[in-house]
Amino acid sequence: MKRVLGLILALALFAAPSAMAWEAIPGTALIEENRIIYSGSVDGKERGVFLLSSDGNPVRLYEYDASVEAASDGYVLVRDYEADPACLIVIGEDGRKIGRVADNGGGAMAEDGAFYVGNVRLRIEGGALISEPWLHVDAGAEWAITPVEVEDGFVYYQDFSKYAQAIVDSGDAACAALYRLNIKTGEKQLISAEGTTLLDADDDHLIYTRADFAIMDGDDVVLVDTKPGLYRARPDGSDETLLDEMKDTEKSFIKFSLVDDGVVYGQFTQYDEEWNLKDALIKRVKLDGTALEDIAIPSGTLALVDDGALYTTQYIDGEENGEYVQRDGIFEVNLKSGAVKQINEGARDALYFSETDPVLVKEDGTLYYLSFDSDTNAIALKAIDANGQNARVIAKGYVWDN
């Protein structure tokens with residue numbers, strides 16, 4: 001259980017925008033239409049990496065529940081932490097083992113049939129796995145590189161090596177600087193300094209945030225000033241424009257995290273003097289800097305924007321027959337009317353079970369998510385139609401009492 005939760009936490013830090021069709025629940029599942037690549041246990045007993053499809057027959061691709069990193073053109077990249085030493089393995093969707101390389105610890109993504117992992121590019125040629133560096137870094141610094149986008153001959157990547165050993169509380173990704181590398185010339189260019197998170201990359205713009213973070217300087221905790229805000233820039237980093245100042249106070253916080261149809265979405269949370277929730281709002285900013293009307297939401301977390309609706313999750317607990325229960329909610333907010341409805345009403349879902357916020361994936365009108373089952377101590381992959389019907393368990397997760 002602890003190992004799985006740690007995996008989810010570590011991988012969530014490296015979630016990045018990507019042009020690939022697969023939607024990700026980091027480390028656990030990749031979802032594309034009616035296909036799911038899943039790491040865990042389908043029946044609660046047998047562990048592994050499985051290909052699940054609408055016919056309900058799981059195909060076991062790998063014998064251990066390795067972290068599912070990316071998929072492209074019929075191949076799957078998994079990260080096996082249990083191997084000694086840890087390794088990266090490329091597997092065909094038919095179960096063929098294409099090859100393995102040592103794990104450099106870097107973030108991973110797929111693009112144009114290749115996998116970018118840390119500073120290394122993995123590609124398949126003549127049925128063999130070829131590993132080659134796309135970025136040259138000092139030995140031992142490979143783990144600090146997370147490629148986040150490949151666009152128009154450039155690789156955009158985060159490098160958090162400068163402050164990773166000193167950062168306090170926030171996690172390595174919070175101190176990342178954003179760079180891009182010209183694939184042909186090898187020229188490296190700084191786009192935005194430390195504290196940057198890339199939200200969206202297109203052929204005519206970049207959308208990113210910068211946020212302050214704390215580091216240890218000797219015995220002192222020091223705040224690194226990053227000129228925080230939500231920014232738009234050209235792909236080369238020029239013409240940087242501030243879209244929102246992202247002003248936090250002692251009792252209020254704002255975080256932008258999603259881009260959809262030319263609008264950036266963020267969450268504003270404000271507390272009173274006793275740290276009781278006072279306001280929970282969705283902030284919206286168009287790419288030209290125009291602020292749209294705020295949307296009030298139930299207390300919770302912004303998780304997804306799709307097809308004219310946004311989805312939030314909320315921690316909800318209580319007692320049932322004298323026992324503590326979690327019935328965490330998934331809510332849909334109609335962006336036109338502002339109407340709010342709970343999708344999983346009545347379900348016994350525990351979405352908040354680790355230090356990371358819940359992840360929702362919507363594919364073909366179905367919402368997918370992870371839920372902890374306290375009866376079996378397993379983390380199940382669940383699904384429910386977006387209209388609130390047909391709630392189901394896709395995979396039970398490994399029951400640790402077996």
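**Salt bridges and a sheet**

Modeller: Let's start with Glu332, which is buried, its relative accessible area being 15% (buried means under 20%, exposed over 50%, partly exposed in between, with a 1.4 Å probe and protein chains only). Keep in mind that this is a predicted model: local features need pLDDT of at least 70, side-chain atom pairs count only at pLDDT 80 or more, and totals for chains, interfaces and linings use all residues. Residues are numbered from 1 along each chain as its sequence is written, and side-chain values use heavy atoms, leaving out hydrogens and water.

Biologist: Which side chain does Glu332 meet in a salt bridge?
Modeller: That's Lys341, at 3.9 Å from N to O. A salt bridge here is a side-chain nitrogen of Lys or Arg within 4 Å of a carboxyl oxygen of Asp or Glu. Lys341 is partly exposed at 39% relative accessibility.

Biologist: How many salt bridges are there in the whole structure?
Modeller: The search finds 21. One of them pairs Asp349 with Lys382, with the closest N and O atoms 2.9 Å apart.

Biologist: Is Asp349 buried or exposed?
Modeller: Buried, with a relative accessible area of 1%. Lys382 counts as buried too, at 17%.

Biologist: New topic: what order do the strands take in the open sheet of four?
Modeller: β10-β11-β12-β13, with antiparallel pairing. Strands are DSSP runs (E, at least two residues), numbered from the N terminus, and two strands pair if DSSP finds at least two bridges between them.

Biologist: And which strands are at the edges?
Modeller: β10 (108–111) and β13 (128–133), each pairing on one side only.
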